[in-house]
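The following exercises ask the reader to work from the sequence and the coordinates together.

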Amino acid sequence: MYIDGISLEAAPAAPSARKFCIACGASIPSDATFCPICGKLQ
Ligand SMILES: [Zn+2]
């Protein structure tokens, strides 16, 4: 699934700043606005 405006590449070093998507439960960056997996607004 491809989401406009979201790039999974070149993620800045953010060691243990992770959270889980509220929709699909994927591990995503804690500052992510949208889940890169399912695209759900966090
Ligand atoms: Zn998700």
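Two residues are in contact if their C-beta atoms, placed from the backbone, lie within 7 Å. The model is predicted, so that local features need pLDDT of at least 70 and side-chain atom pairs count only at pLDDT 80 or more, while totals for chains, interfaces and linings use all residues. Residues are numbered from 1 along each chain as its sequence is written.

**Exercise 1. The chain as a whole**

Solution. Begin with the secondary structure, in which helices (H or I, at least four residues) and strands (E, at least two) are DSSP runs, numbered from the N terminus. Turn next to burial, for which a residue is buried if 20 or more other C-beta atoms lie within 10 Å of its own, exposed if 12 or fewer, and partly exposed in between, with C-beta atoms placed from the backbone. Finally, consider the contacts between residues at least 6 apart in sequence, of which 17% join residues at least 24 apart.

**Exercise 2. Lys19**

Locate Lys19 in the secondary structure, and state which residues it touches, not counting those up to four places away in sequence.

Solution. Lys19 belongs to strand S1. Once residues up to four places away in sequence are set aside, Lys19 touches Ile28 and Ser30. Lys19 is partly exposed because 14 other C-beta atoms lie within 10 Å.

**Exercise 3. Ala26 and Pro36**

Describe where Ala26 lies, and find the distance in space between Ala26 and Pro36, C-alpha to C-alpha.

Solution. Ala26 lies in the loop between strand S1 (18-20) and strand S2 (27-29), whereas Pro36 lies in the segment after S2. The two are ten residues apart in sequence and 8.7 Å apart in space, C-alpha to C-alpha. Leaving aside neighbours within four places in sequence, the contacts of Ala26 are Phe20, Cys21, Cys35 and Ile37. Ala26 is partly exposed because it has 15 other C-beta atoms within 10 Å, and Pro36 counts as partly exposed because it has 16 C-beta neighbours inside 10 Å.

**Exercise 4. Asp31**

Decide whether Asp31 is buried or exposed.

Solution. Asp31 is in the segment after S2. Because 10 other C-beta atoms lie within 10 Å, Asp31 is exposed.
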